[in-house]
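Hi there,

Here is the structure I promised to pass on to you. Please open it first, and then read my notes below alongside it.

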Amino acid sequence: MNVRSQISMVFHLDKCIGCHTCSLACKNIWTDRKGTEYMWWNNVETKPGTGFPTKWEDQEKYRGGWEKAENGKLLLKSTSKSKTVTNLFHNPSMPSMDDYYEPWTYKYDELFNAPEGSDQPTARPISMVTGEYMNVEAGPNWDDDLGGSPVYAENDPNLKGLTPDQRAQLSAVERLVFFYFPRICNHCLNPSCVASCPSGALYKRGEDGIVLIDQKRCRGWRSCVAACPYKKTFYNWNTGKSEKCVLCYPRLETGQAPACFHSCVGRIRYLGVLLYDADRLEEVAKLPDDQLIDGHRSIILNPNDAAVIQAAQQNGIHDSVIESAQSSPVYKFVKEWKLALPPHIEFRTMPMLFYVPPLSPVMATRNDDTVTSVSTEFFHDIEDARVPLQFLANLFGAGHQGKLVYALKKQKAVRVYRRAKTVGDISIATAEQLLREADCTAAEAEAIYELTSLCTFEERFVIPPMHREEAIEMMRDPQEHKTQVGFGFMEAPQRGL
Ligand code: SF4
Ligand code: SF4
């Protein structure tokens, strides 16, 4: 057992109100510089929709992430030793500015200093890249709230495999219900961005697993941009270097939550430490699609297990980090309750940001504007959810519904149970029966309710002390301390460029 620690995250999608406060908090701190105008290290997408950059989930187009080769090896889709040099000069799968958008501002002078006249002065948009006047034709949230056109929703890659009936259900979604999908870098356990860099500029911090780009080593080859299937590394056209979400590590090192977490209006975000077994990473990343979620969960270790604690201590993980892992909200959502799922696990980067899938608003049974049923039928069946199950399964289950249905059924059971306790129009016996069917106890339901609805700032963000000095010592001697300097099976295709 090779125990390592990782700062991990959960986003609870039923709580996101799509306010974009998180995106702006990040933008104001990190990407308000020249060359970063188009970057959104944190962005919030409307689902169904094509997202940012457009259709980022379509790996037939972008070829990000990993694939299992016939010889059983795990290979990068975007590059290889033989393709490294040619890809430097032209990578056909690289997103272009059209896939993002051309950032713009306005000539405010023309608005404020316009001479008096009979017409209304306007500020025309100008490109922040060329400085020329431009017509705005796309933006980072062009399809926000399904705005603009059904074209975006109808081209969501997660519609793949949906039946005509499910697509019809989706039409109802477009009229009534959609959900928000906030995204940041997943700080993956098997990051394809790190493995793809010919200069060895990307690395995963030994002490907490945060994935960073060393700006001094980066040569701007943009291999990471092509290799990340989530498109969460970006090229700065001004500095000629690539950049990405740093999980606000300077804030974490001083005990503060990342800005997007701290500012989240819906309180959807949770952060905490997970301990995992790095020796099993390669084996798990090669599992068949339908076993990936179980495999991913299985390498997350119980921080209260004596053997895990001992192995963690032997690997140099500080006692205070182990204690932090023991009260991690992420461990509860992901491992204990099995409510949170990784996005697109089939990309095989082993993301460490997990999502509680949306149960969506309750569909009540009404007659003459009166709720006729106050039984459990008041809550729609999971199978009848407005967002088709297969759509959610494509996003959070590699196309398989099993783990998703489990998470949704448990959420529904908790809702019914709390309604039985607080409103009283459903019997406790009925609610407890639903809990049993959802593999949940009353105590667990209370704990889920508490962490979802009542928890404090300190319970949502359990930030370990960082011990930077000791971590730097560990990095000097990676073999002895087995830090996350690099995994044998994902060496860069050609280091040293
Ligand atoms: Fe790298 Fe994963 Fe972040 Fe993409 S999401 S930049 S692969 S760590
Ligand atoms: Fe959603 Fe929170 Fe971002 Fe608002 S701040 S869009 S609630 S993740």
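Predicted model: local features only at pLDDT ≥ 70, side-chain atom pairs only at ≥ 80, totals over all residues.

Let me begin with the ligands. Ligand 1 has around it Cys185, Asn186, His187, Cys188, Pro191, Ser192, Cys193, Val211, Cys228, Tyr230, Thr233 and Lys244. By class, that shell around ligand 1 comprises seven nonpolar, four polar and one charged residues. For ligand 2, the surrounding residues number 14, and the closest are Cys16, Cys19, His20, Cys22 and Cys264. The shell of ligand 2 splits into nine nonpolar, four polar and one charged residues.

With a relative accessibility of 13%, His20 counts as buried. Arg63 also has a positive phi, near 50°, and is likewise a residue other than glycine. You will find Arg63 in the loop between α2 and β3, where it is partly exposed, with a relative accessible area of 30%. As a reminder, most residues other than glycine have a negative phi, and most peptide bonds are trans.

The peptide bond from Lys47 to Pro48 is cis, with omega near 5°, and the bond from Phe52 to Pro53 is cis with omega near -10°. Pro48 belongs to the loop between β2 and α2, and Pro53 is also placed in the loop between β2 and α2.

Now to the aromatic side chains. The structure contains 24 aromatic pairs. In one of them, the ring centres of Trp30 and Trp41 are 5.9 Å apart and the planes make an angle of 25°, so this pair is stacked. Trp30 is in helix α1 (residues 21-30) while Trp41 is in the loop between α1 and β2 (43-47), so the pair ties together parts eleven residues apart in sequence. Trp30 is partly exposed at 22% relative accessibility, whereas Trp41, at 5%, is buried. A pair with another geometry is Phe178 and Tyr180: their ring centres are 5.7 Å apart with planes at 85°, so the pair is edge-to-face. Here Phe178 is partly exposed at 25% relative accessibility, and Tyr180 is buried at 12%.

There is also an aromatic cluster, formed by Phe11, Trp56, Phe181, Tyr230, Phe261, Phe347, Tyr355, Phe396, Phe457 and Phe461. Phe261 has Arg269 over its face, at 5.4 Å from the ring centre. Elsewhere, the charged end of Arg124 sits over the ring of Tyr133, 3.8 Å from its centre.

The largest pocket has a volume of about 540 Å³. It is lined by 24 residues, and those closest to its centre are Glu57, Asp58, Pro157, Lys160 and Glu346. The lining consists of 13 charged, six polar and five nonpolar residues. Both α2 (59-62) and β3 (66-68) supply at least two residues each to this lining.

Finally, which residue's C-alpha atom is separated by 9.3 Å from that of Met1, 306 residues apart along the chain? That is Ala307, in helix α13 (residues 306-314). Ala307 is partly exposed, at 43% relative accessibility.

Key: Residues numbered from 1 in each chain as written. Chains lettered and ligands numbered in written order. Heavy atoms only, no water. Phe/Tyr/Trp six-rings, centres within 6.5 Å; stacked < 30°, edge-to-face > 60°. Helix = DSSP H or I, 4+ residues; strand = E, 2+ residues; numbered from the N terminus. Buried < 20%, exposed > 50% of the residue type's maximum accessible area, 1.4 Å probe, protein only. Lys NZ or Arg CZ within 6 Å of the ring centre and 35° of its normal. Near = heavy atom within 4 Å. Nonpolar A, V, L, I, M, F, W, Y, C, P; charged D, E, K, R; others polar. 1 Å grid on protein atoms, 1.4 Å probe; cavity = no way out; pocket = protein on both sides within 12 Å on 5 of 7 lines; lining within 4 Å. Points joined across faces, edges and corners; volume = space filled by probe spheres on them.
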